[in-house]
Amino acid sequence: MKVLILGASGFIGSAVTHAFVRAGHIVWGQTRSQDTADIQFGPREIIPVVCDPTTTEGQATWTKIAKQVDAVVDCLAAGGAEQALSILNAFLAAVKGRPKGSPRPTYVYCSGHYVMARGYGGLDEWSDERQPAEAPINKGTIWRTKIEGAVLGESSINGIVVRPACVYGSSGSYFGDYHFKPALEALNSGKSEFDSIISANGKILTIHQDDAAELFVRVAEAAPVCRGQVFLAANPSTDNIRDILDAIVRITGLKAWKAKAPADAYETAWITPLLARPSLGNALTGWQPKRMAVSDGMDVYWMSFVKSEELKKNRQSKM
Ligand SMILES: NC(=O)c1ccc[n+]([C@@H]2O[C@H](COP(=O)([O-])OP(=O)(O)OC[C@H]3O[C@@H](n4cnc5c(N)ncnc54)[C@H](OP(=O)(O)O)[C@@H]3O)[C@@H](O)[C@H]2O)c1
C-alpha cells in the first residue's frame with residue numbers, strides 16, 4: 001500500500017510510521033519541520049512531506065500526496081473537532097475525483113479512549129468498542145465524537161477510528177510528564193521523595209506505542225472489513241499507577257512517592273479509570289499486544305525515558 005501519515009513525528013505517529021515501513025508499505029510522513037524530515041524521516045525510509053497540515057497552503061501540499069495513496073492516517077496532536085474535521089474534509093475533497101468503481105480510499109483517525117471513560121465501580125462501568133461513546137466523566141474530550149462520527153459515517157471511504165489508551169514506551173509521553181519527570185527532578189535535586197497524580201484506586205488502561213502502531217497497520221491493511229468500526233488500542237488488563245510509582249522508587253533508590261491532586265482537566269482525565277477490554281482488533285485482524293505492562297517493564301521504560309530526556313537536552317543545547 002501507499003500510506004500518508006499526518007503527524008508522523010509524534011509520539012504515536014512516529015511508531016505508526018515506522019510500523020508501516022516495517023510492514024513493507026511505501027510511506028509518506030508529514031511534519032512541519034524540515035529538520036525533522038532530514039533527521040528522522042529520510043534515514044528511516046520515510047518520504048517527507050513538509051507543511052503545516054492545517055493551513056490552506058499546507059493542505060494543498062499534503063492532499064497532492066493523499067490523492068495518490070491508498071490510506072491516510074491522522075496522528076496529529078489533538079486540536080479540537082474543527083481542526084480534525086477540516087483535515088478529513090481536505091482528504092475527502094482530494095480523493096473525490098477517483099474513477100467510478102475504484103477501491104475506496106482508507107482514512108484512519110487516531111482518537112483517544114477517554115470518550116469511553118465511565119469511572120470505576122461495578123459492571124455498569126465497563127465499556128468497549130461496541131458501546132456508545134458517551135464519556136459521562138471526561139466531558140472535555142466529547143468533541144472527539146464529532147470527528148469519529150464523520151469518519152465512520154462517510155460512505156465514500158473506508159473510515160476507521162483507533163482509540164489508543166494511555167500510551168507508554170520510549171520517551172514516555174504523558175507517563176513521562178506526569179510520573180517519571182517528577183521522580184527524575186527529585187533525584188537530580190537530591191530529594192528523597194516525589195509527587196505524582198493518582199486516583200483513589202490507581203487503575204489506568206494502557207498500551208505500548210509499538211503495540212498501538214501494529215493495530216493501525218492491521219486495520220489499514222484490512223480496511224475493507226474494518227471500515228465503519230472503532231478499535232480500542234489497549235492491553236487486555238489495566239495497569240496500576242501505584243505499582244508504576246513503586247517500581248520507580250525501586251529503580252531510582254528514591255525513598256517514596258506522595259499522591260498529589262490533579263491540577264487541571266487533562267490531569268483529571270489521565271487518572272480517570274477506564275474499565276475496558278479490547279476485542280475487535282483481535283477478532284477482525286488477529287491483533288494482540290505483546291509488550292510488558294508499564295510496572296512490569298519499568299527497568300526498561302525508566303531507562304528509555306531517562307535516555308530520551310538526555311537526548312532532548314543535548315539537542316536543545318545545540319540549537
Ligand atoms: N500520547 C498518548 O498517550 C495518547 C493517548 C491517547 C490518544 N492520544 C491522541 O493521539 C493523537 C496523537 O497524540 P501524540 O501524543 O502522538 O501527539 P504529539 O506527539 O503531541 O503530536 C503529534 C504531532 O502533531 C504535530 N503537531 C503538534 N501541534 C501541531 C499544530 N498546532 N498544528 C499542526 N501539527 C501539530 C507535531 O508534528 P511536527 O511538529 O513535526 O509538525 C507532532 O509531532 C492525539 O489526538 C492525542 O490526543 C494520545
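## A friendly first look at the chain

The model is predicted, so local features need pLDDT of at least 70, side-chain atom pairs count only at pLDDT 80 or more, and totals for chains, interfaces and linings use all residues. Residues are numbered from 1 along each chain as its sequence is written.

**The chain as a whole**

- The chain has 12 helices and 13 strands; these are DSSP runs numbered from the N terminus, with helices (H or I) of at least four residues and strands (E) of at least two.
- With 319 residues, a compact globule would have a radius of gyration near 20 Å, and the chain agrees with its 20 Å. That radius is taken over C-alpha atoms, and the globule rule is 2.2 Å times the number of residues to the power 0.38.
- Along its principal axes, the C-alpha trace of the chain spans about 65 × 55 × 35 Å.
- Buried residues make up 45% of the 319 residues. A residue is buried if 20 or more other C-beta atoms lie within 10 Å of its own, exposed if 12 or fewer, and partly exposed in between, with C-beta atoms placed from the backbone.
- Among contacts between residues at least 6 apart in sequence, 77% join residues at least 24 apart. A contact here means that two C-beta atoms, placed from the backbone, lie within 7 Å.

- Seven of the seven residues of strand S6 (residues 158-164) are buried, so the strand is largely enclosed by the rest of the structure.
- In a regular strand the side chains alternate between the two faces of the sheet.
- In S6, Asn158, Ile160, Val162 and Pro164 point one way, while Gly159, Val161 and Arg163 point the other way.
- Strand S5 (residues 106-110) pairs with S6 in the parallel sense over five bridges; two strands pair if DSSP finds at least two bridges between them.
- S6 is also joined to strand S11 (residues 230-233) by four bridges, and these strands run parallel. Arg163 has Leu232 as its bridge partner in S11.

- Five of the six residues of strand S2 (residues 26-31) are buried, so S2 is largely enclosed by the rest of the structure.
- Strand S1 (residues 2-6) pairs with S2 in the parallel sense over four bridges, and Lys2 stands opposite Ile26 in S2.
- From S1 the chain crosses through helix H1 (residues 11-22) to S2, and this β-α-β crossover is right-handed. Right-handed means that, with the strands pointing away from the viewer, the path from the first strand over the helix to the second runs clockwise.
- Strand S3 (residues 47-50) runs parallel to S2, and four bridges join them; Trp28 has Ile47 as its bridge partner in S3.
- S2, helix H2 (residues 34-41) and S3 make a right-handed β-α-β unit.
- UniProt, in an unreviewed entry, lists residues 3-85 as "domain: NAD-dependent epimerase/dehydratase". Such positions use the numbering given here, feature names are shortened, and annotations may be inferred rather than shown by experiment.
- The end C-alpha atoms of residues 3-85 lie 20 Å apart, and the span is 43% helix and 22% strand.

**Around the ligand**

- Of the 25 residues around the ligand, Gly10, Thr31, Arg32, Ala77 and Gly112 come nearest. A residue counts as near if its C-beta atom, placed from the backbone, lies within 6 Å of the molecule.
- H1, strand S7 (166-168) and helix H6 (173-188) each supply at least two residues of the shell around the ligand. The largest share, three residues, comes from H1.

- Thr31 is found in strand S2 and counts as buried, with 25 C-beta neighbours inside 10 Å. Leaving aside neighbours within four places in sequence, Thr31 is in contact with Ala8, Ser9, Thr36, Ala37, Pro48 and Val50.
- Ile147 sits in helix H5 (residues 144-153) and is buried, with 23 other C-beta atoms within 10 Å. Not counting residues up to four places away in sequence, Ile147 touches Ala81, Ala84, Leu85, Leu88 and Tyr109.
- Gly80 lies in the loop between strand S4 (71-74) and helix H4 (81-95) and counts as exposed, with 11 C-beta neighbours inside 10 Å.
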